[in-house]
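Please read them beside the sequence and the model.

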Amino acid sequence: MKETDREAVATAVQRVAGMLQRPDQLDKVEQYRRREARKKASVEARLKAAIQSQLDGVRTGLSQLHNALNDVKDIQRSLADVSKDWRQSINTIESLKDVKDAVVRHSQLAAAVENLKNIFSVPEIVRETQDLIEQGALLQAHRKLMDLECSRDGLMYEQYRMDSGNTRDMTLIHSYFGSTQGLSDELAKQLWMVLQRSLVTVRRDPTLLVSVVRIIEREEKIDRRILDRKKQTSFVPPGRPKNWKEKMFIILDRTVTTRIEGTQADTRESDKMWLVRHLEIIRKYVLDDLIIAKNLMVQCFPPHYEIFKNLLSMYHQALSTRMQELASEDLEANEIVSLLTWVLNTYTSGEMMGNMELAPEVDVSTLEPLLSPDVVSELLDTYMSTLTSNIIAWLRKALETDKKDWIKETEPEADQDGYYQTTLPAIVFQMFEQNLQVAAQISEDLKTKVLVLCLQQMNSFLSRYKEEAQSYKEEHLRNRQHPHCYVQYMIAIINNCQTFKESIVSLKRKYLKSDVEEGVSLSQPSMDGILDAIAKAGCSSLLEEVFLDLEQHLSELMTRKWLLGSNAVDIICVTVEDYFSDFAKIKKPYRKRMTAEAQRRVVLEYLRAVMQKRISFRSAEERKEGAERMVQEASQLRLLFRKLASGFGEDADGHCDTIVAIAEVIKLTDPSLLYLEVSTLVSKYPDIRDEHIGALLAMRGDTNRDMKQTIIETLEQGPTQANPNYVPIFKEIVVPSLNVAKLLK
């Protein structure tokens, strides 16, 4: 208390100090004293009131405790009296056992009297119920059946209560009501028949379907009531619980399964499109059934039945089972495609489960796959294996058909630009296109796999194509009169190579995504190489055909006959031009190379004639005449190949200039300048060799051995700088060794 007093004094001092900080506040001391006195009185009054309230509460609590104590004593006295009375009445209760038994018998007799009318009228009710079932009055029939079952179950329950071990009386009652179970089974059959045709019934007579559902609901309530009573009495009437709701869903499930399985109208033997028809019928039936169930059947069933959700699950499961069965059969490639397309795409598309009329109840994203990933993978492997075999067979057959065209007596067809072609590229890529379109219907991954497969098989096919083209050429060389249109069909083979190239690029651009293009494009260079090799071999064979016809005229070059006025070059130009009028049917990339190669070959043969020392000029006059003839013929050849190369933008003069350069060496009149002229020739054509120079000097006919040796040795000492753009030509010309020895003599 002392500590509290000190704190109070200190607080008061601080408070007074705060009030009297200025001299003018001393005038208000009395006012401050009265205000503090009022506050003190107010606090003391509130404190007294609080203490008084607490004292009143304690006083009330003590009073209630006192009353409770008196009540407890009264209860103890009452319990003692009850205990005393109970002990005294034990003997009296035992003496009332007979009364209790009489009450039980009275209860049973009362139940019997209550059901007496029904008991005597059982046969009549049975007949009426049977008639009602046959008439289709299912609700009325069920009402009478319920009355029969109620009478039977009531009697059996009372008998069970009185003497549960008396099986004879129970059997007697059950036997008397024996027809009741038969009526129940007969009514159930009628219900199941209606449910089996529920999708038809709901449109024609929805009232009948509603009646069936009401009967099932009644039976469900009776089942629940009996099961609840079983927990108390352990008594269950015969035939209970019926579980008709559970059986209803079993019947519906069986009906759905039968409907799915019954849609197969054809077999592979009777119709190659049996599976497509089967799947289309399934799609139509399932979609129509679910739309009816969503719009009509849900109105005939209680909401807690979730009839649409259950039917959707049944249809999905039945479809999954049916798809598994189909997948396990020995399907052909086109049938596998039809099945997978339907399962992976059609099923969840707007044509079926994704149909707007089924939304929002059907969410395709929540549907389980109809086929497991393992089964799908197995089907895809089978499809790829079968497709590989089919593609190989198709390509082989297409090539055999094309080969038959090669020996025809008529020219091949031309495309819109006038280029010869056969139907092979169109057939091959139409086949590829069809298979890729089919694969694209299933998945992007399968489409890529099929494209890779097509390209791989195309690679192998082109190798066979190359071999067959070579065999075609060899067969022709054995008898140049056969086939009649060899040149035209060889042109078509060459053009096919370009068509194949363009078709491969088009196919990849159309069916290959950019992110996987790099991996697949690895096969492109090898195919391009094979196609170029086929085209190159074809062009070479055509040029061989030209030079076989030119052989006689080329052999006249640089001979005495040529010098005296042969028209060999005229014939060569006419022949080449004639052949190239047919070669105009070759597509540009290959015709351009072929024209350049033809010019090179003609010039090469011309130079080869020079180097074979077919003639040795006897005088300067002959050398001049021969050189001028060479220049004139070079000009003829230049004009010819300029004409053939028109439109290509290529220089057609290069090789012909070589003939002019050789002519300049022959035309030279001053032998002392021969070294300078030859060195100029060697600087322009660095691949020219000693034997070529020797043959050229020998052709002049005015150089002795020492001069030849000096010129050759001097040229060997001076290295030549080759032009990086120079295309060698002399290295292909071989001077006969017999002549080389003579050249230096």
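1. In these notes Ala, Val, Leu, Ile, Met, Phe, Trp, Tyr, Cys and Pro count as nonpolar, Asp, Glu, Lys and Arg as charged, and the others, Gly among them, as polar. By that scheme, the lining of the largest pocket has 11 nonpolar, 8 polar and 3 charged residues.

2. This is a predicted model, in which local features need pLDDT of at least 70 and side-chain atom pairs count only at pLDDT 80 or more, while totals for chains, interfaces and linings use all residues. Residues are numbered from 1 along each chain as its sequence is written, and side-chain values use heavy atoms, with hydrogens and water left out.

3. The largest pocket holds about 400 Å³ of space, and among its 22 lining residues Val276, Asn334, Val337, Ser338 and Gln441 lie nearest its centre. A pocket here is, on a 1 Å grid over the protein atoms alone and with a 1.4 Å probe, an open set of points with protein on both sides within 12 Å along at least five of seven lines, and lining residues have an atom within 4 Å of a point. The volume is the space filled by probe spheres set on the points, which are joined across faces, edges and corners.

4. Two or more lining residues come from each of α12 (274–295), α14 (333–346), α15 (373–406) and α16 (424–442), and α14 gives the largest share, 8 residues. Helices are DSSP runs (H or I, at least four residues), numbered from the N terminus.
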